[in-house]
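Here's a quick tour for someone meeting this fold for the first time. Have a look at the chain first, and then we'll walk through a few of its parts.

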Amino acid sequence: MILISKDDIKKIFTMSDAIEADKKAFMLLAEKKCEVPLRTKILNKKDNGCFIFMPAYSEQAECAALKIVNVFPDNVKIGLSAHPSQVFLINPHTGVIEALIDGTYVTALRTGAASGLAFKLFAKKECSIGAIIGTGGQALCQIQAMLAVRQLKEVRVCGRDFKHTEAFVKTVRHELKDSSISIRAVRTADEAVEDADLLISATPSNLPVFDAGRLKDGITVSCIGSYRPDMQELDPKIFKRCKKIYFDSKSAVLEESGDIIIPFRNGTIKEKDFTGDIGEYLLGRIPGRENDDEIIVFKSVGVAVQDLVTAGEIYRRAVEKGIGTECIF
């Protein structure tokens, strides 16, 4: 077994690579060529946490994996990740664990890549302004993903605390020091979304974090933060304006995300309003953007096949290049 760290991954795997991995994963899901049970969640109410177990297997991809990702928002107060995670990559023929991979970074990569793929497929070709609401552990990769697929002039960042937002923006600028893109901290969501072409919402909020009425026609919105039925960062008023709604997995979203569950239950949206899964579009089964005025929503909760394919690609490259630390039990 080899241990593959975040630094190891950075040497061999880019955001563009992650977007291609997600593309493969979503096609496997749409073709029903993978086994992806709904994740198992165990709440830890005492510590405001949640233990999540995500298994997956694909005969076609010749891979099996188990990701353990634990959501503990209060960890940020003590300098720890709010989403500590590891991916166990398993040989599908022998059941032997071949690699233990930094799941926190894999999660950030494949989640960012889902937004990146949605923007690549559904956003207008000409985009100049991006915006993100949320400055947590997913935010940097989300920004990197939008920049990987569209040549933007500016990205606006909005968080709950402006000083923290400014500090985060400094980190982003350092990570993107070779880029001429303007990364700007803003105080309000209204300022962030004004005239934006791409919008990412990446918060665990129970209430909408932006006003859908302020969105311009043609915007593509990716919401990745709501992963429980009581969470609703997406303003339901957007469903009166958007033309298409895509999912990473409709079944998973309808099981887990208040962004869709709440307006679906109260009749704001109906089954006929759902366009379908992104993998179905990749297979040519459903339409994509039809004009530059359409507002398009992509809702993602994350599915284990993304971790499976991403981890598998990382492992193969690590073996080829001799990256990682050998560990013998």
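Helix axes here are lines fitted to C-alpha atoms over the stretch in contact, and angles run from 0 to 180 degrees between N-to-C directions. Helices (H or I, at least four residues) and strands (E, at least two) are DSSP runs, numbered from the N terminus. Keep in mind that this is a predicted model, where local features need pLDDT of at least 70, side-chain atom pairs count only at pLDDT 80 or more, and totals for chains, interfaces and linings use all residues. Residues are numbered from 1 along each chain as its sequence is written, and side-chain values use heavy atoms, with hydrogens and water left out.

Contact means heavy atoms within 4.5 Å.

| Pair | Axis distance | Angle |
|---|---|---|
| helix 2 (residues 15-30) and helix 10 | within 8 Å | roughly 130° |
| helix 3 and helix 10 | 10 Å | about 115° |

The crossing of helix 3 and helix 10 is right-handed, meaning that the near helix is turned clockwise from the far one by less than a right angle. On the helix 3 side, Val106, Thr107, Arg110 and Ala114 make the contact, and they meet Gln306, Asp307, Thr310 and Ile314 of helix 10.

Helix 2 also crosses helix 10 in a right-handed way. Among the residues making that contact are Ala21, Ala25 and Leu29 of helix 2, plus Val309 and Glu313 of helix 10. By class, this contact has 7 nonpolar, 2 polar and 5 charged residues; Ala, Val, Leu, Ile, Met, Phe, Trp, Tyr, Cys and Pro count as nonpolar, Asp, Glu, Lys and Arg as charged, and the others, Gly among them, as polar.

Where does Asp248 sit? Asp248 is in the loop between strand 12 (244-247) and helix 7 (250-256). With 1% relative accessibility, Asp248 counts as buried, a label for anything under 20% relative accessible area (1.4 Å probe, protein chains only). Leaving aside residues up to four places away in sequence, Asp248 touches a set including Phe26, Leu29, Asp277, Lys299 and Gln306.

Now for the cysteines. How many disulfides does a search of the whole structure find? The search turns up 0, with a disulfide being a pair of cysteine sulfur atoms within 2.5 Å. For Cys141, the nearest cysteine sulfur belongs to Cys223, 18 Å away. Cys141 is buried at 4% relative accessibility, and Cys50 is buried at 4% too.

Cys141 is one of the buried residues of helix 4 (residues 139-149), along with Ile143 and Met146, among others. The buried residues of helix 4 pack against several elements, including helix 2, helix 3 (103-122) and strand 7 (129-133).

Technical notes:
Buried means under 20% relative accessible area, exposed over 50%, partly exposed in between (1.4 Å probe, protein chains only).
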